[in-house]
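Subject: Structure for you to look at

Hello,

Here is the structure I said I would pass on. My notes on helix packing and cores follow it.

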Amino acid sequence: MTFDVGAAAYDSFMGRYSVLLAPQLADLARLAEGQRALDVGCGTGALTAELAFRLGASSVSAVDPSASFVAAVRERYPGVDVRLAGAERLPFSDDSFDATLAQLVVHFMSDPVAGLAEMSRVTRSGGVVAACVWDHAGGNGPISVFWDAARSLDQKVVDESRLAGARAGHLTELYGEAGLRDVDETALEVVLEHPTFESWWEPYELGVGPAGDHVAQLEPEERDALRERCRSLLPAAPFSLTVRAWSARGRA
């Protein structure tokens, strides 16, 4: 899936969570000075920034299938090699990186096993492949309340709980199918405070991802009903949400 939205819209919607997740995924990869790393599906650069901070911009490459995101990351992080590409066909030679990471991307790959195999291909033998996906199936992702509300109003709604890697153990299964070794899966958690309900809700109206697509297709009265249903399911503002991502670390 590509995201045909501006960088600012994505930052407001999911970027507010992913910037908190990025340091944890980088920790999981056990990066060391002098290594080279690739950010697959870099989005607007939350993980790219963390990798550049730890390794230096010249030691980091990034790819994304969305032209608007590639342009934003190139502007934000000069010195990083940023390219327009999807995970399933990475534009790099074999053994190019010490670590290849994908934050909140596997579930949007058209072929997750092929994408992970490509990540392994461009990683040196023994190097690290690390990825994470929100716990959509367990109801602990940042948009779980939204989908709970949507399903309560329309039982035909298809949420993100069945996407690749979104349930416990599934990333490990996918890693195995992709030929990765020594796979460990763990849960990462982040906490984000929302000062008002409006600050939580308004990014859903920006058309980002499946949730944004769903809102965009609703009639005005349906959108109002969904907004108020979400309000009823959330604590009174200000409130904090603790959300979880399943993560996996394996070796190429």
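Before the rest, the conventions. This is a predicted model, in which local features need pLDDT of at least 70 and side-chain atom pairs count only at pLDDT 80 or more, while totals for chains, interfaces and linings use all residues. Residues are numbered from 1 along each chain as its sequence is written, and side-chain values use heavy atoms, with hydrogens and water left out. Helices (H or I, at least four residues) and strands (E, at least two) are DSSP runs, numbered from the N terminus.

Helix 1 and helix 2

Helix 1 (residues 7-29) packs on helix 2 (residues 46-55) at about 45°, and their axes are 8 Å apart; axes are lines fitted to C-alpha atoms, for helices over the stretch in contact, and angles run from 0 to 180 degrees between N-to-C directions. That makes helix 1 oblique to helix 2 (angles under 35 degrees count as roughly parallel, over 145 as roughly antiparallel, 65 to 115 as roughly perpendicular and the rest as oblique). From helix 1, S18, V19, A22, P23, L25, A26 and D27 meet A46, L47, E50 and R54 of helix 2.

Helix 2 is largely enclosed by the rest of the structure, because 7 of its 10 residues are buried (under 20% relative accessible area, 1.4 Å probe, protein chains only). These are A46, L47, T48, E50, L51, A52 and L55. They pack against helix 1, strand 1 (37-40), strand 2 (60-64), helix 3 (67-76) and strand 4 (97-103).

Cores

The largest nonpolar core has 59 residues; such a core is a set of buried Ala, Val, Leu, Ile, Met, Phe, Trp, Tyr and Cys residues joined through side-chain atoms within 4.5 Å. Helix 1 gives the most to this core, with 11 residues. Among the residues with the most contacts inside the core are W200, W201 and Y204. Y204 touches F13, R16, P142, I143, F146, A211, G212 and V215, leaving aside residues up to four places away in sequence; contact means heavy atoms within 4.5 Å.

Helix 4 and helix 6

Helix 4 (residues 112-121) and helix 6 (residues 170-177) pack at about 65°, with axes 8 Å apart. P112, V113 and L116 of helix 4 make the contact with L174, Y175 and E177 of helix 6.

Regards

How values were computed. Buried < 20%, exposed > 50% of the residue type's maximum accessible area, 1.4 Å probe, protein only.
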